[in-house]
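Subject: Structure handover and notes

Dear colleague,

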Amino acid sequence: MALLDIENVRVSFGGLHAVDGLSLSVQAGQIQGIIGPNGAGKTTLFNAIAGIQKLSAGTIRLQGREIQALQPYQRAALGIARTFQNLQIFPDLSLIENVMIGYHPRARTGFLAALLGWPGVRQEERKIEEVAYEKLRLMGLGDRAARLAGDLSFGESKLLEIARALAAEPHILMLDEPIAGVPASEQAPVVSMIREVNGTGVTVILVEHNMRMVMGLCHQILVMRSGRYLAAGTPKEIASNPEVISAYLGEEAVHA
Amino acid sequence: MPTQPRTSSFAGHRLDRHRWTLFAVWVLALVWPLVAPNDYVLSLGVYFFINLILIASLNVIMGWTGQVSLAHAAFYGLGAYVSGVLNTRWGISPWLGTIAAIAAVGGVAAFVGWATLRLRGPYLSMGTLGFSGILSVLFVELVPLTGGPNGLAGIEPYEVFGYALDTPGRFFWFAWLVGALVTWLLINLFCSVPGRSLRAIEGSEIGANTLGVNTFRAKVIAFSLSAGMAGLAGAMYAHFNQFASPETFGFFASVLLVVMVALGGVGSLWGPVFGALVLTCVPELLRRFQDSELLIFGLCMIVVLLYLPGGISSLGQRFGRARQRKHLVKEADPSKPLRNLKMESPNGTVGH
Amino acid sequence: MSDTVQLLLAGLGTGSIYAMVALGFNIIFKSTGALNFAQGEWVMLGGMVAATLYAAKVPLAVAFVVAVVVAMAVGALSERLVVRKLKKPTPMSITILTIAIAICTKSIVMLTLGKSPAGLPSFSESGPISIAGAVLETQSLWIIGIAALVMAGAGYFFNRTVLGKAMRAAAAQPEAAALVGISPKLTMSLSFILAAAVGAVAGVIVTPLTLTSFDHGTILGFKAFCAAMLGGLGSLPGAMLGGLFLGLAESFAGGMLSSHFKDAVAFVVLLLVLVKWPNGLLGRGQVEKV
């Protein structure tokens, strides 16, 4: 059984089908890329899996269990974490606090316990902070843990979001254009970090425009066009698929 | 590698720092009854703590969920009237009345919050605007209950073992204690998972939701808690003043509270202390300027809002943050390059 | 029957004022996302300046125009000297800043123009007239008429003129608008100036009926918020609808239920509308792109 089963999913806005009849199976432990020309519906599909976008039709199953009706916070509890293309960091909190919030699905401290200051709370706080600090250092931000997140550059903020998503130790890590906006010199560490995280058993789903990264990193790639499935397979299969080439580069390129 | 546990960890360090600040400020406040030349000045101390609780309550909503409530003076009034009416009309003890006030105001707010917080947007401001207006009218028109525009008189003071807290000198200790307790609870909340989740909502509601925070429920709980605190402040006011009148709790008062939260620093733990100081002391200080007092206040407000966007408390925060940075950089191992991708934590163990 | 007509016309009159003030309020909401607490004070400013000038023997029409110009200047100054200086202009920070501006405006008026109520004569000489058995002050007709003109003018401006459309564009997508040459600073200034102008006009035309004084603006602003929210924040036709709806609701509630609870009507209506239509009658949901 696949970890994530996306069946015949459709997302419509009025008469426009941003995603139409799309099916995909993501196996556990894989790095799944989603690519396609602009307007292909990648981000909409991504948002649908994450829970921010409601489906007009179709089902999404996580380990056999239907999740398409669940809110994002409920999916987080099931082990799905994501980052945002346009950033949703918490600018008025420090970096470490941002990442500590990522731990939330695993946290056990309840409202009343926190309010009254029960003994266990402090212990868990310490633990959360250690996890958070570790993730920050992983992304190269450890030296700035006390800084306000609002002071970071765009590239650094993307790294912060990844650290934050990792804090929950998710089963599925969804990355929305993780290296877009990250300076070229810092992209390689991010790529190898993704590989490492995947090495510990985390399934990764990523949307990205950087072809080299996608081809070099992903085990499986889904190509979309106009909201529909175009092709799926290993990087090698995709790279030699004439329809894919024509979708990106036009008809002539196929015969080039 | 030394296996030193991170007891001087960032989070624990911060919690302790806040608790020590609480201790210091409150010990300092003990001086007030000694230096106050008369009962009137002493009563300002009482109002300081009551205002502190009230402003802190609004700060929870504004700073921790990013919504502006325009009804907090009305909640304050509702708390005062609930406890006051129970006491004057049905002879209920001020203590029970206060508990009833907290529950009633918190409950009503849960309902208003439930109705208005479902969606993202300024709906809480709108709902609280309407709610504030309705309460104002009710305070004035339900004459048999509330005494109408002339106010509710004859509210009894608290009694502890037969000892009535009916003078500023006696009430001051009570207010001081309750203020400390409330601040203690807020500090606990601030440095904890639920508190952080609330503050995350202020930063990005979508982001918080994605990270596992049930944002709707959190907002409603925060709003209810916040209103309950305002109700507590109201009940305290009623039993100290022994009188309550509708003008105190109108729309303009709610707006003024919003201003005080902003002046103190929205979302900052210690902002309400400054806000309460301004709310309690500034009218006294400006009194001599008579008519110009409002203008001076308005101009000062503009200056603070433009040049101290984090509020007065941000001055203290800048200082604190500089110290934190030094502390955290010390913790990083200087012999390893900072961008180390190996998953090794400072005390040498890998993972947990 | 004549009672109903009476209530209807009175409601339309008050509603027109609410509509205009709500319009100004919405103009600023559209361009900044903030709730303009100074709107009511600009209304008061218009009325007070006109009344003071008239008392100093300035002809009514001139006083009207000068009052509106003064308000526009105040609006421009507020934006230029205050709002623009904000380091992080978020809706919340601008909202709170408008509170400060409101406080300053109100106290400056109090200090310069005095605390006593001031009035203006009715715009036309004739006394009350009778319509379908209802008695109506002619000023009410002026109010309805002028308000309709202003609303129509606003509609024309925002839908048909280049400048108006540019303002709407800048409000919806500031960066994109800047890229095509629409200066965000200019549109921001303009929205403040327009909102103040509309508010001042409302202030001048209502003064003959209700008198005005330095603290008159706050409660009016309060009601106008309700009207704007009722109609849908940011929707210009919504402001009109919300204002009229509110005026009529108040009038009928006051006439048929009790004058005591008349004020509460605004708020009850607001809450009811919010529960069912959180975006107001004409508003559209705020879509956040992720």
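What follows is a description of some parts of this structure, chain by chain.

Please keep in mind that this is a predicted model, in which local features need pLDDT of at least 70 and side-chain atom pairs count only at pLDDT 80 or more, while totals for chains, interfaces and linings use all residues. Residues are numbered from 1 along each chain as its sequence is written, and chains are lettered from A and ligands numbered from 1 in the order in which they are written.

I begin with chain A. Helices and strands here are DSSP runs numbered from the N terminus, a helix being H or I over at least four residues and a strand being E over at least two. Four strands of chain A form an open sheet in the order β2-β1-β4-β5, with antiparallel pairing, where two strands count as paired if DSSP finds at least two bridges between them. The edges of this sheet are β2 (16-26) and β5 (65-66) of chain A, and because each has a single partner strand, one side of each is left without a neighbour in the sheet. Strand β1(A), residues 4-13, is joined to β2(A) in the antiparallel sense over seven bridges, and L4(A) stands opposite V26(A) in β2(A). Helix α1(A), residues 42-50, lies across β1, β2 and β4 (57-62) of chain A and runs at about 60° to β2(A); such angles, from 0 to 180 degrees, are taken between the N-to-C directions of axes, which are lines fitted to C-alpha atoms, for helices over the stretch in contact.

Another part of chain A is built around strand β7(A), residues 172-176, of which five of five residues are buried. A residue is called buried if 20 or more other C-beta atoms lie within 10 Å of its own, exposed if 12 or fewer, and partly exposed in between, with C-beta atoms placed from the backbone. Both faces of β7(A) are covered, with I172(A), M174(A) and D176(A) on one side and L173(A) and L175(A) on the other. Strand β6(A), residues 80-82, pairs with β7(A) in the parallel sense over three bridges, and there R82(A) stands opposite M174(A). Strand β8(A), residues 203-207, also pairs with β7(A) in the parallel sense, over five bridges, and L175(A) stands opposite L206(A). Together with helix α7(A), residues 187-199, the strands β7(A) and β8(A) make a right-handed β-α-β unit, right-handed meaning that, with the strands pointing away from the viewer, the path from the first strand over the helix to the second runs clockwise.

Two loop residues of chain A have a positive phi without being glycine. L87(A), with phi of about 65°, is found in the loop between β6 and α3 of chain A, and L87(A) is partly exposed because 19 other C-beta atoms lie within 10 Å. S226(A), with phi near 50°, is found in the loop between β9 (220-225) and β10 (228-233) of chain A.

Turning to the contacts between chains, 46 residues from chain A meet 42 residues from chain B, where two residues are in contact if their C-beta atoms, placed from the backbone, lie within 7 Å. On the side of chain A that touches chain B, α5(A) gives the most, with nine residues. Chain C in turn has 41 residues in contact with 37 residues of chain B, and the largest share of that side of chain C, 13 residues, comes from α4(C).

Chain B itself has 15 helices and four strands, and buried residues make up 53% of its 352 residues. Its helix α8(B), residues 168-190, has 23 residues and reaches 31 Å from its first C-alpha to its last, close to the 33 Å expected at 1.5 Å a residue, a span worked out as 1.5 Å times one less than the number of residues.

Finally, S2(C) lies in helix α1(C), residues 2-32, and S2(C) is exposed because 12 other C-beta atoms lie within 10 Å. Leaving aside residues up to four places away in sequence, S2(C) touches A132(C), G133(C) and A134(C).

With best wishes
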